[in-house]
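Open the model in your viewer and get ready to select side chains.

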Amino acid sequence: MTEPYAADARELGARMLEDARNVFRSQKKLGDRTLAQAGEEALFAVPAPESNSIAVIVRHLSGNMKSRWTDFLTTDGEKPWRDRDGEFELPPETTAAEVIRWWEDGWRIVFETLDGLRPEDLMRTVTIRSEPHLVLQTIQRQLSHYGYHVGQIVQLAKASRAASWQSLSIPRNESRAFNRRLGHEAGDAEK
């Protein structure tokens with residue numbers, strides 16, 4: 001391998017890690033803003049049989065995060081101490097503060113681990129349930145998994161708040177006004 005190629009690969013790896021951090025931060029921020037709006041009742045509401053509450057989803061995410069990212073490069077991502085099935089059951093005394101603590105604890109370990117990774121780590125092999133995965137694949141897998149569950153949390157909270165929900169992006173029927181504020185009118189590209 002020539003040195004310029006190695007330098008390019010390191011730069012690409014550094015950019016990929018930074019992008020992953022940014023996407024994880026964006027997912028956490030979306031979840032933070034959702035949890036702030038949800039209210040205690042919405043955290044524990046179960047919309048239908050076989051559905052999960054926001055609190056259960058947060059508990060599962062936290063369990064996954066702790067298991068996958070603890071000793072990330074050196075141990076299997078499915079830790080023997082993890083009780084995945086138990087993540088889908090809430091102890092009756094669970095409080096809203098505990099749900100938020102699960103959320104914060106899970107994300108803390110994600111970011112601590114990501115901050116310790118180097119570009120050359122992306123091509124290392126880690127295991128999840130004894131199956132080998134490149135670090136790069138594992139990061140992509142977790143980005144997808146967390147995005148899926150954060151989307152569920154948003155949908156559940158939005159449904160619980162109904163008309164009092166404050167949009168987390170461009171509100172319905174306000175795209176044109178948003179584009180005007182940014183100076184992106186239809187036809188601006190032709191000017």
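Select Phe24. Phe24 is buried, at a relative accessible area of 0% (buried means under 20% relative accessible area, exposed over 50%, partly exposed in between, with a 1.4 Å probe and protein chains only). This is a predicted model: local features need pLDDT of at least 70, side-chain atom pairs count only at pLDDT 80 or more, and totals for chains, interfaces and linings use all residues. Residues are numbered from 1 along each chain as its sequence is written, and side-chain values use heavy atoms, with hydrogens and water left out.

How many aromatic pairs does the structure hold? The count is seven. Rings of Phe, Tyr and Trp (its six-membered ring) pair if their centres lie within 6.5 Å; planes under 30 degrees apart count as stacked, over 60 as edge-to-face and the rest as tilted.

Helices here are DSSP runs (H or I, at least four residues), numbered from the N terminus.

Next, select Trp103 and Trp107. Their rings are edge-to-face, 5.7 Å centre to centre, with 70° between the planes. Both lie in helix 3 (residues 96-116), four residues apart, so about one helical turn separates them. Trp103 is buried at 2% relative accessibility, and Trp107 is buried at 0% relative accessible area.

Finally, show the whole cluster: ring pairs link Phe24, Trp69, Phe72, Trp103, Trp107, Phe111 and Tyr146.

How values were computed:
Helix = DSSP H or I, 4+ residues; strand = E, 2+ residues; numbered from the N terminus.
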